[in-house]
Amino acid sequence: MTTKSVAAATVHGYPRQGGNRELKKAIEGYWKGTVTADALRSTAAELRRSNWKQLAEAGVQEVPTGDFSLYDHVLDTTVAVGAIPARHRDAVAADPLDGYFAMARGTQQAPPLEMTKWFDTNYHYLVPELGPETDFAANPDKAVAELGEALALGHTARPVLVGPITYLLLAKPAPGVAADFQPLTLLDRLLPVYAQLLAALRAAGAEWVQLDEPALVQDRSAAELNAAARAYRELGALTDRPKLLVASYFDRLGEALPVLAKAPVEGLALDFTGPAAGNLTDLAAVGGLGGKRLVAGVVDGRNIWINDLAASLTTLGTLLGLAETVDVATSCSLLHVPLDADAERDIDPQIHRWLAFARQKAAETALLARGLREGTGAITAQLAANRADLASRATSLITRDPAVRARAAAVTDADTRRDAPYPDRAEAQRARLQLPPLPTTTIGSFPQTAELRTARADLNAGRIDAADYRKRMEAEIREVIAYQEQAGLDVLVHGEPERNDMVQYFAEQLTGYLATRHGWVQSYGTRYVRPPVLAGDISRPQPMTVDWYTYAQSLTDRPVKGMLTGPVTMLAWSFVRDDQPLADTALQVALALRDEVTDLETAGAAVIQVDEPALRETLPLRAAERPAYLAWATESFRLTTSGVRADTQIHTHMCYAEFGAIMTAIDDLDADVISLEATRSHMEVAGELAEAGYPREVGPGVWDIHSPRVPSPEEALELLRAALAAIPADRLWVNPDCGLKTRAWPETRASIDSLVTAARTLRTELTH
């Protein structure tokens, strides 16, 4: 196998946190005042150096720069193009670092930027706020400085920026701007700023700059495609610029491919994994890229399974005839996977052979590039070992359970439907629960204090036994129940002190899952999660939450919610198996959770919440693929929840996503009550639900828990009145946007006081 020129290995980005989450600790220390700004910057610089060193040692010849962020790369782009919201400009001018974090987290005086999911991943980005008065201004300092760091260390480096089309398509109208304002109309104003950024990077030594345009893998209008063509025609015509590599990932480019193939840019980076595999035939259909560079994403940057090296080499061999140069890459940034599988010492050795985290994926990429350069004979031993590992997974008894498969095959449509229609259920539930108008509740978790984390660590290390651990958790539950009664909440929760994570906690108790010790992945800012690995068929050996619920309910006469994570979220926030359809895996998880729901009801639970925050996140990027996904996703939720009586109230929760595209699916869930994030989006979702004719009860959040600022009672009341304009009072609940796990107790108490005060004020207004 030969190529027209030497094939290089590269990646789009790399995990930011460090092997021991050094970045998280430094940033949170800075927020607390225990780490100086200089110390934070020093930690960040050392992590960048370490990342580049790891990539170079793996055989990656061209490293990315600019992908590293203290909070979010879209927020970094907002700073780079000078689109600072008016309410944060003074803070940014006074101290750029504090102003940066103020935009991300908010202050008591200024709310943060809205946060939502990055396409169909669990990474959250901060939404740019733009309007007709937005004035952009180039600020290349970060991009130039990080490029300089890499070049000084002797690396061949490629700066990475969010592309102008994706940046504008991700943006929303700023507060006070008409809702129908289209940020893409600012393209002519933005392109000169990108021109300045590119010129600055060229002057700093950049040969190539990567502009990420993942928004172009979604269905786009003719006007949007024309805007993309114009943007890259103008950027390509610049004389003072580096070579341009336009990158897409997560799906096939489709109708945007010929637009970019014809653009006067020097290269394209395309994803050839999963749903993006269609890029191969699409690329052939447009006649290839001619004299352009192709960066071929053949190593999946979003899962943790080893690559099929032989299959990837076949794809690369086909691509050789479609571009002047074919380089080998991961499909997207490795931000979405943990850092190093070799750090995992407790995983079954057989399963460990199947795993590849960021460091291993970089090595796979380099190996494929070597095979492309030198021929498969140069990597014969590695190919043989890879074939053996793939075969061991395909035939392993770990992945197949005949009893689970037989139960799943026996599911009927009747198993996915409640016996009574919603109006009858609502009447029965109101009679049973006897709640006041505008009932108040929280989403589930309460603050995970240092004492709770210490207790969990002590249990894992054997310093305390299970009985002592249970005593500590019960003491916390007693305090949480007593606090909620004192605060005046109507439907209580046990606070989830025993849960390390809303997915991992259940995964550790289900067969077919395994947990990692060091598999941290960034969700947003300094929030990192350890997605469990779904390796085999799923079943529930014994109840997982019933004892905790029973204890909490014994402490109060008010209803306590049973709390579970739904099947779609269990998949979305895990590294899911890729050897069977997701729908089949969801069915297995739903049956296991159905058993838990039934046991909770038997234990006396009148309210059971099954959270599905990932329902929107997992929505396919292409509209044609969405109906099939939503059909199995909503069916799996109903299978989980449909076995209960009419007077048992089923809640669900979703957060930080764009809900407009799934309103029909939200209805199809047939939950009795849904709570949703609504604060950062200014109660937008309430209007969307009303417009869709949603007939059930709704709790649009009135407190943004991802910000440390405490809402006043007046702010909460204003949001409630906005919700009431769309949702009748007899169907409106009052709750925060999300769980309170990441918040501290002082702000939690103050914010709940505001929430309850606002609800009581509005109740009084409604009765007079």
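Mentor: By class, the second largest cavity is lined by six nonpolar, three polar and four charged residues, where Ala, Val, Leu, Ile, Met, Phe, Trp, Tyr, Cys and Pro count as nonpolar, Asp, Glu, Lys and Arg as charged, and the others, Gly among them, as polar. The model is a predicted one, in which local features need pLDDT of at least 70 and side-chain atom pairs pLDDT 80 or more, while totals for chains, interfaces and linings use all residues. Residues are numbered from 1 along each chain as its sequence is written, and side-chain values use heavy atoms, without hydrogens and water.

A cavity here is a set of points on a 1 Å grid over the protein atoms alone where a 1.4 Å probe fits but cannot get out, and its lining residues have an atom within 4 Å of a point. The volume is the space filled by probe spheres set on the points, which are joined across faces, edges and corners. On those terms the second largest cavity holds about 80 Å³, and of its 13 lining residues, Asn51, Trp52, Pro64, Asp67 and Phe68 are the closest to its centre. The most comes from α2, with four residues.

Terms used:
1 Å grid on protein atoms, 1.4 Å probe; cavity = no way out; pocket = protein on both sides within 12 Å on 5 of 7 lines; lining within 4 Å. Helix = DSSP H or I, 4+ residues; strand = E, 2+ residues; numbered from the N terminus.
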